[in-house]
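Work through the exercises below with the sequence and the 3D structure open. Try each task before reading its solution.

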Amino acid sequence: MGLNRLQRTKNVLFYNLTCICVVALVLVALLVLRSYNINHVEELFTLRDVENSPEIQIASSASQAKIRDRDCNFFNCFDVFKCGYSGKKLSVYIYPIKNFLDEKLVPISVPFSLEFMEILRTIFNSPYYEPDPKKACIFVPSLDLLNQNNVRLIETSQVLSSLPYWNSGTNHLLFNFLPGNVPNYNPVIEIDSHRAMIAGASFSSWTYRKTHDISIPVFSLFGHPFELATCKEGSRQYLATSAQINIHFEYRNELEDLAEEHPEMLVLNGCSQGNATLRCRGGETFLYPEVLEESTFCLIIRGARLGQTALSDAMKAGCIPVIVADGYVLPFAENIDWQRASISVFEERLADLVHILKSVSDEKIAEMRSQVCFLWRKYFSSIPQITKTVLNVLNSRIFPHHALTYEDWNNAPGEVSVRVSPPLFLPTIAPKSQGFTAVILTYDRLESLFQVILKVVQAPSLAKVLVVWNNQMKSPPPASIWPKINKPLKVVQTKENKLSNRFYPYDEIETESVLAIDDDIVMLTADELEFGYEVWREFPDRIVGFPSRIHLYDNTTKKWRYESEWTNEISMVLTGAAFYHKFYSYLYTNSMPGDIKEWVDDHMNCEDIAMNFLVANVTGKAPIKVTPRKKFKCPECTNVEMLSADVIHMAERSECINKFAEIYGVMTLKTVEFRADPVLYKDNFPEKLKRFNNVGSL
């Protein structure tokens, strides 16, 4: 008995010593790994040393207020003048790695995660890296903010404010995958970021600052291999799968009710073992994320955080994401066309989910699955890919004339563009790819011309400004006095003073959409222009614009009459402020019937009426007026009354209509009683719920 007890005691001692040794070895390995990682990253950045000492002491503070400029955008919180040293590309500076200490000499920053080291290494090895801070456009602090759970928020805010080039965060870029802690899960990391740009993974439409922040995916640590076989054609076992854990019980109950009614839908929960690689349904166990490879659609539902690894996991598996999270700003939505790779369902329509998914054709499913796999490989598959994409987004913002095109972002290599030229009679929405080109016809009214340019450039979708200088007696002003804008500006001087010059198909027009605008239309707002462009995208075969007119038949004279009175009916939209497809420029220049073009040039009038006749004849459709604005005043006109009120002018315009109708042999103009206004335009809703707030009244 005594020997057995002694033997058991020896066994226990041996077991404990073994455990102690194993733990010690693990700790030593971790310390060595940490030392290697930090030393390796420091090797990358020993090219320069901003601080005199590698250890910086930061005094602690009890302040809890988190400062973030919520009104920031590219135009008011970014200093673009810092970005001219590197010519046509971005330049990114990385702060040297320092060991920041608090007042008790306790390190503020935790050891770098492997993910953050990959971010720094990718920037360092990219063509955008700049070792000289005086030549840098973007500044990246060497502070690991990817997971807020590992960040000492107050001290980190103080560290940022102590950086030598911080300047309230201007031109600084912060990366963050997991913002917010329980119970609120703030969608933005809770530090004093001021005006810094945040590449974050949990933005909503309420917190995302357009043209300033960048929405990125939450990188998934699941290492199951991704193979092209996951994009195989044909049906899969399940129509839709919900494999997220810890979603709201109301969503869970509604999904389980759907699954009972539709067996082709799979709703999984976490397993009691707590294993992250398993999902359970009743007594069945499924491997995660492999189960997603057997699903056509994968649900991405609102959780504690909007950004979740579920999106990356689904895309790895070639499973089409179904986004059920109102207001979620999808990763890289500024450049990626998510309509080609996902389906969005309003949360309140969750009960209609199966009906919506069953309505998607097999052909569409195959296209979307292929697009999902392409996007995952190019933008989501690794930390370096995510980081490179962030840099490309910034480069496109800062140097739009050297930016990647819509096709570069959204088409796989070798893929033929789906765009048809001209897409005038197809029931499709014009691509958002290149925006629109503003073509401004001018003679010598510089003051109002410059005002128009500054107004138009505020529209987010503007791609280029083309000024048609129609004065042969006077050269355009030198480049030094033109407005300094962030979009390309080209001036073309014509050989003859003709009104038809505004519709010439200039090589400089590279977009499908053209905004024809006079040099005195200074009253239009950026919201009105952007809304007009969005309406044109839905009706690319029409003239879409602001000032409208009507033609009427006079029973007394038996002739047509041009009328500018305010009526509910319209048949013309004047091209002094209107969008149209550039294809019509070719038709106007090369295929105009009869001598209409010569008539216009000889009379120096009616080019807009001629364009309306042309489009109506080709399409058989009426133009579309947008927004209620009706008054378009010329700021430099000498007449007290508007030109359109002049009797002689009205008579000339009426003569044009009759002349053109005679040449066409029929009245091609179509009358319509319709006007397009923004959604919620007149409704009493908070401005944040409306896209276009600054729309003029009557």
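The model is predicted, so local features need pLDDT of at least 70 and side-chain atom pairs count only at pLDDT 80 or more, while totals for chains, interfaces and linings use all residues. Residues are numbered from 1 along each chain as its sequence is written, and side-chain values use heavy atoms, with hydrogens and water left out.

**Exercise 1.** Classify the pair formed by Phe74 and Phe75, and state whether each residue is buried or exposed.

Solution. 
- Step 1: Recall the rule. Rings of Phe, Tyr and Trp (its six-membered ring) pair if their centres lie within 6.5 Å; planes under 30 degrees apart are stacked, over 60 edge-to-face, and the rest tilted.
- Step 2: Apply the rule. The structure holds 28 aromatic pairs. In the pair of Phe74 and Phe75 the centres are 5.6 Å apart and the planes stand at 90°, which is edge-to-face.
- Step 3: Check the accessibility. Buried means under 20% relative accessible area, exposed over 50%, and partly exposed in between (1.4 Å probe, protein chains only). Phe74 has 9% and counts as buried, whereas Phe75 has 53% and counts as exposed.

**Exercise 2.** Classify the pair of Phe332 and Tyr379, and find which parts of the chain the pair ties together.

Solution. 
- Step 1: Take the geometry. The ring centres of Phe332 and Tyr379 are 6.5 Å apart and the planes are at 55°, so this pair is tilted.
- Step 2: Locate the residues. Helices (H or I, at least four residues) and strands (E, at least two) are DSSP runs, numbered from the N terminus. Phe332 is in the loop between β13 (320-324) and β14 (343-344), and Tyr379 is in helix α7 (residues 362-380), so the pair ties together parts 47 residues apart in sequence.
- Step 3: Check the accessibility. Phe332 is buried at 2%, and Tyr379 is buried at 3%.
- Step 4: Ring pairs join Phe332 and Tyr379 with Trp338, Phe374, Phe380 and Trp409 in a cluster.

**Exercise 3.** Which ring faces do Arg279 and Arg502 lie over?

Solution. 
- Step 1: Recall the rule. A charge sits over a ring if NZ of Lys or CZ of Arg is within 6 Å of the ring centre and within 35 degrees of the ring normal.
- Step 2: Apply the rule. Arg279 lies over the face of Tyr288, 4.0 Å from the ring centre. Arg502 lies over the face of Phe503, 5.9 Å from the ring centre.

**Exercise 4.** Describe the salt bridges of Glu334 with Arg397 and of Lys621 with Asp541.

Solution. 
- Step 1: Recall the rule. A salt bridge is a side-chain nitrogen of Lys or Arg within 4 Å of a carboxyl oxygen of Asp or Glu. The structure holds 20 salt bridges.
- Step 2: Take Glu334 and Arg397. Their side chains meet at 2.6 Å, N to O. Glu334 lies in the loop between β13 and β14 and Arg397 in helix α8 (residues 383-398), so the bridge ties together parts 63 residues apart in sequence. Glu334 is partly exposed at 39%, and Arg397 is buried at 10%.
- Step 3: Take Lys621 and Asp541. The N to O distance in this salt bridge is 2.7 Å. Lys621 sits in the loop between α14 (607-619) and β24 (624-626), Asp541 in the loop between α11 (526-538) and β19 (544-545), and the two are 80 residues apart. Lys621 is partly exposed at 34%, whereas Asp541 is buried at 6%.
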